[in-house]
Amino acid sequence: MRPSFPARAAAVRAVAPRAVRIALATVAAAFCATALPSALGAQGSPIPLTDPAVQRAMAAMQAQQAWTLEQQISICEVPAPPFAEERRAAEFHRRLKSFGYADAWIDSIGNVIARIGRGDGPVVMIAGHLDTVFPEETDVRTTRTGNRVAGPGIGDDCRGLAVVLTLAKVLKEAKLEPRGTVYLVGNVGEEGPGNLRGVRYLMNTKFPRKIDYFISVDGAGGGNITSRAVGSHRYTISFEGPGGHSYGAFGMANPMHAMGRAIAKIAELQVPTNPKTTFNVGIVRGGTSVNTITPLAQMDVDMRSESAASLKEIDRMIRAAVDAGVAEEKARWPNSRAGITVKYDTIGIRPTGGQADDAPIVQTAMAAVRAIGWTPSTGASSTDANLPISMGIPAITINGGGRGGGAHGTEEYYEETPDAYKGPQLALLIVAALAGVVR
Ligand SMILES: [Zn+2]
């Protein structure tokens, strides 16, 4: 999932470490704005464009553009509902094996991992996510009309999976041996309730402090690089009381009414536009019958921000709105002895964080974007990269080429553009730059 929005200079400054901000101010005083990146000494890894193996791999990716799209379509027709990605994982694993990855495996929570490289340099992980937002009963067949393919998950993230598969196949075919170690991954649990459990396991348990760079390929699109993580807090908030007959027990504080009061207050909350901060009551449920004062009303609430401080603040405001809603409902019925209790169950917590545009991984990715003839930009989103970013591991999310829309809906589509092969090429150049190439 990655509804992203473009970078603004102020937002970059907001997430830049204090030292960088001071450096920016000092340097800005001495140089003109265009001199900033080099003046800061920010250098990414060089893009090995002249390496013969890289050139062979680039050419193979262009020649196999149609093959990449076939991979995307066929893997997408294997269902992968939240917490039930096994079938798609097995198929992804089978394909990696067929490319010659003898040591490809599925880990204990369902991530598929293949390894390549001499092991004499940086460790780079590149991943697409296996899971979708769609429940088991969803029809996952795709329909193709010309260059347009429609189907649930076709862009998010079957495009990313196809890019990782293409990279895996072409590295072997072109005999491109990374100098360091490259892990090619299809991971579970990126979407909503999955709460990044796949990447969380990889970073915390499977490879603790062993990954130098993490790249997520998520969805279709061009040169936008997600370098900052939009954090989120998501809760199910329950309002509970004794409940009773709507006529016989009338005059009792009503959990449903308390929740309604709370929602009305939440709807009026004021939040900053920069850093972008949002809130949403997405689902409400509860009730027994039309003539029952319900004992239970629940709402699922989502709040997000690019800034950890703003996220903390909107969390506090929502809790205050809930408390005020309950207090008002109790005050409305002063003679009622019925209490209303509130309970918070966490659906997901995604950490906020960011890297300045002059961070080496961002510089490397931007140089790779330029090398394939696209225009780089940076932005913030909520993706698998959130987790490593929050741990201080350099991480970005890139697009897979082509064009897409309608993510998370059954009308989702992907359009193959003439230069869609540049998606896999971008992944290749970034990986080759960061891990190095054996000459
Ligand atoms: Zn996604």
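**Asking how we know**

Author: Let's start with Phe83, which sits in the loop between α5 (65-76) and α6 (86-98). Those labels are DSSP runs numbered from the N terminus: helices are H or I over at least four residues, strands are E over at least two. Residues are counted from 1 along each chain as its sequence is written. The model is predicted, so local features need pLDDT of at least 70 and side-chain atom pairs count only at pLDDT 80 or more, while totals for chains, interfaces and linings use all residues.

Reader: Why does Phe83 count as partly exposed?

Author: Buried takes 20 or more other C-beta atoms within 10 Å of a residue's own, exposed takes 12 or fewer, and partly exposed is in between, with C-beta atoms placed from the backbone. Phe83 has 13 such neighbours inside 10 Å, so it counts as partly exposed. Its phi is positive too, about 65 degrees, although Phe83 is not a glycine.

Reader: And what makes His408 count as buried, exposed or partly exposed?

Author: His408 has 15 C-beta neighbours inside 10 Å, so it's partly exposed. You'll find His408 in the loop between β19 (403-405) and β20 (413-415), and its phi is positive as well, near 75 degrees.

Reader: How do you know that the span of helix α11 agrees with what it should be?

Author: The expected span is 1.5 Å times one less than the number of residues. For the twelve residues of α11 (360-371) that should give 16 Å, and the end C-alpha atoms are 16 Å apart, so the two agree.

Reader: Which residues of α11 are buried?

Author: Ile361, Val362, Thr364, Ala365, Met366, Ala368 and Val369. Their cover includes strands β8 (213-217), β9 (224-229), β17 (377-381) and β18 (395-398), plus helix α13 (422-435).

Reader: What is the peptide bond from Asn274 to Pro275, cis or trans?

Author: That bond is cis, with omega near 0 degrees. Pro275 lies in the loop between α9 (255-267) and β12 (277-286). The bond from Asp156 to Asp157 is also cis, with omega near 10 degrees.

Reader: What domains is the protein divided into?

Author: Domain 1 (45-229 + 354-435) and domain 2 (231-350), with bounds from an automatic or database domain assignment. Nine residues from domain 1 and seven from domain 2 make the contact, where contact means C-beta atoms, placed from the backbone, within 7 Å. The domain centres, taken over C-alpha atoms, are 38 Å apart.

Terms used: Contact = placed C-beta atoms within 7 Å.
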